[in-house]
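Hi everyone, thanks for making time. I'd like to walk you through one model today, so let me put the sequence and structure up on the screen.

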Amino acid sequence: MSGFKEHLKAIIPHPRLMVLSAALYIYGFVSDALGAAGSYGFLTGDMTVCFSHYPGFRAQFIDYLGGVALGIFISNIKQVLLFIFTLTTAAPVLNLFVLAGGLLHTLISRMGLYGILVYAGTLHIHLEVVGCLLSLEAAAVFFYSLMKSVYTDSAEPFKRAFRERLVFLLPVILLVFAAAAILEVFWSTWWVYTLTKQQVSWSYFHGHVCSVHVG
């Protein structure tokens, strides 16, 4: 049990980073309320879905939908890893908190309490928020330990940080974003569509969807 607690402590973000992410989330909500609407893709129901015949399990669920989920995962994880180790993609990572807050306001302003239901079911967004928060922690650990190693002229602080923190944080971040990509394709798209467009079953939607056009 003590080992589990230590592993859990290794991935819990610093309170200051939680405050930062909450502040960005609130900023997104308020700025959207003031008219600075963001680009939310399909998340507000602004999409056209085309259906076709069922091409078979492998062609539909593995080659097509699985391929889309894999592409989303690779794109997201590239940005996150670049952020953790170079900070060059800080803008899109930090903007995810702003987008999540703005999306909540947009859905509420358009649909009222029903919009909260839509928002609650977009599970991949919640996981991406968690993933970005963990990425903030990983970047802070990486750069703090690196600077400490340079300051003390010893690699030990960096090695200890990697051994005690990053070796646990990085796999969790990968798993969170993998789950987010799967849920975006295999759940959230259907959830938003069926609540904002028309009621269709999950099996029909994913068995017959052939394209999704935003806008």
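If we set aside neighbours within four places in sequence, N76 is in contact with E128 and F177. Before going on, please keep in mind that this is a predicted model.

Where does N76 sit? It belongs to helix α3. And is N76 buried or exposed? N76 counts as buried because its relative accessible area is 17%, and the cut-off for buried is under 20%.

N76 also takes us to the largest pocket. That pocket has a volume of about 390 Å³. Its lining is made up of 21 residues, and those nearest the centre are N76, L96, L99, I125 and E128. So which elements give two or more residues to this lining? They are α3, α4 (90-111), α6 (123-152) and α7 (156-196). The most comes from α4, with 5 residues. Sorted by class, the lining has 13 nonpolar, 6 polar and 2 charged residues.

Now let's turn to how α3 and α7 meet. Their axes come within 8 Å and cross at roughly 140 degrees, and the crossing of α3 past α7 is right-handed. On the α3 side, the residues in this contact include F61, L65, F73, I77 and F85, along with our N76. On the α7 side, they include L170, I173, F177, E184 and F186. What does the contact of α3 with α7 look like by class? There are 19 nonpolar, 2 polar and 1 charged residues.

Staying on α3 for a moment, have a look at D63. This residue lies in α3, which covers residues 57-86. D63 is classed as partly exposed because its relative accessible area is 46%, and that class lies between the 20% and 50% cut-offs. For a sense of distance, D63 and G112 are 49 residues apart in sequence and 38 Å apart in space, C-alpha to C-alpha.

One last stop: helix α5, residues 113-121. Which residues of α5 are buried? They are G115, V118, Y119 and G121. What do these buried residues pack against? Their partners are α2 (15-33), α4, α6 and α7.

To come back to where we started: N76 is in helix α3, is among the residues nearest the centre of the largest pocket, and is one of the α3 residues that meet α7.

Terms used
Residues are numbered from 1 along each chain as its sequence is written. This is a predicted model: local features need pLDDT of at least 70, side-chain atom pairs count only at pLDDT 80 or more; totals for chains, interfaces and linings use all residues. Side-chain values use heavy atoms; hydrogens and water are left out. Helices (H or I, at least four residues) and strands (E, at least two) are DSSP runs, numbered from the N terminus. Buried means under 20% relative accessible area, exposed over 50%, partly exposed in between (1.4 Å probe, protein chains only). On a 1 Å grid over the protein atoms alone, a cavity is a set of points where a 1.4 Å probe fits but cannot get out, and a pocket is an open set with protein on both sides within 12 Å along at least five of seven lines; lining residues have an atom within 4 Å of a point. Grid points are joined across faces, edges and corners, and a volume is the space filled by probe spheres set on the points. Ala, Val, Leu, Ile, Met, Phe, Trp, Tyr, Cys and Pro count as nonpolar, Asp, Glu, Lys and Arg as charged, and the others, Gly among them, as polar. Axes are lines fitted to C-alpha atoms, for helices over the stretch in contact, and angles run from 0 to 180 degrees between N-to-C directions. A crossing is left-handed if the near helix is turned anticlockwise from the far one by less than a right angle, and right-handed if clockwise. Contact means heavy atoms within 4.5 Å.
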